[in-house]
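Take a look, then read on.

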Amino acid sequence: MDRGLNRAESDAGLSAELASVVAGARRRAVRDGDRQIDTAHLLHTLLESDPDVRAVFEGGAQLARLLGYLVQRSIGYGLRWQGTVEDSGALPVVAGGSWSPAAATAMDAARERARLRGEPQARGLDLLAALAADPECRAVEVLGRAGVDAGRLLLRIESGCERVGGGEGGC
């Protein structure tokens, strides 16, 4: 498999909905003045746009806390991250790329998850599972600050919550 930042730049292997999430994360990074799309940008856009992703969380209060932290991040909470590269150690840091190494790895993992399922395109839940599986990424840091256990979230996705969809706390 083609790995790394060049692969993350491509929308190949993504559902239309997930390609839209990537575009939204790109806009969010530019608007926030960040050098790279990071995993928190991806998480924020996933939550805003994908009802199946929202369905695996434990109800409205948990989602409200999580979105509150993400909004705080976009208006200043994340200032300590500006000018730094998000690196969970999965890939070597490449200067000048538009994706953090952790976000590029998550995109590759989402594609691989879809491939293993026998589907040609990754979905939002594939990306959420990839984010939750990386304990060193910013998305997991944000989840933790909002009181969401990433390991438990990953178990909910893996146990079939992704097939429920269509509403808050549907699992």
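Thr 39 sits in helix α3; helices here are DSSP runs of H or I with at least four residues, numbered from the N terminus. Keep in mind that this is a predicted model, where local features need pLDDT of at least 70, side-chain atom pairs count only at pLDDT 80 or more, and totals for chains, interfaces and linings use all residues. Residues are numbered from 1 along each chain as its sequence is written, and side-chain values use heavy atoms, leaving out hydrogens and water.

- Thr 39 counts as buried, at 1% relative accessibility (buried is under 20% relative accessible area, exposed is over 50%, and partly exposed is in between, using a 1.4 Å probe and protein chains only).
- A polar atom of the Thr 39 side chain lies 3.2 Å from the backbone nitrogen of Arg 138.
- Asp 38 caps the N-terminal end of α3, with a side-chain oxygen 2.9 Å from the backbone nitrogen of Ala 40.
- Helix α3 is largely enclosed by the rest of the structure, because nine of its 11 residues are buried. Among them are His 41, His 44 and Leu 46.
- Further along, Thr 45 is also found in α3 and is buried, with a relative accessible area of 7%.
- The side chains of Thr 45 and Arg 28 are joined by a polar contact of 3.4 Å. A polar contact means a pair of N or O atoms within 3.5 Å; within protein, one must be able to donate a hydrogen and the other to accept it, and residues adjacent in sequence count only if both atoms are side-chain atoms.
- Leaving aside residues up to four places away in sequence, Thr 45 touches Val 21, Gly 24, Ala 25 and Arg 28 (contact means heavy atoms within 4.5 Å).

**The nonpolar core**

- The largest nonpolar core has 44 residues, and the ones touching the most other members are Leu 42, Leu 43, Phe 57, Leu 66, Leu 127, Leu 128 and Leu 153. Such a core is a set of buried Ala, Val, Leu, Ile, Met, Phe, Trp, Tyr and Cys residues joined through side-chain atoms within 4.5 Å.
- Elements giving two or more residues to this core include α2 (16–32), α3 (39–49), α5 (60–74) and α6 (101–117).
- Not counting residues up to four places away in sequence, Leu 43 touches Leu 66, Leu 70, Leu 128, Leu 131, Ala 139, Val 142 and Leu 143.
- In α8, the buried residues are Arg 138, Ala 139, Val 140, Val 142 and Leu 143.
- Just after α8, Gly 147 takes a positive phi of about 80°.

**Salt bridges**

- The whole structure holds 12 salt bridges, each a side-chain nitrogen of Lys or Arg within 4 Å of a carboxyl oxygen of Asp or Glu.
- Glu 58 pairs with Arg 152 in one of these, with the closest N and O atoms 2.8 Å apart. Glu 58 lies in the loop between α4 (51–55) and α5, and Arg 152 in helix α9, so the pair ties together parts that are 94 residues apart in sequence.
- Glu 58 is partly exposed at 37% relative accessibility, and Arg 152 is partly exposed with a relative accessible area of 47%.
- Arg 115 and Glu 112 meet in a salt bridge of 2.5 Å, N to O. They're three residues apart in helix α6, which means about one helical turn separates them.
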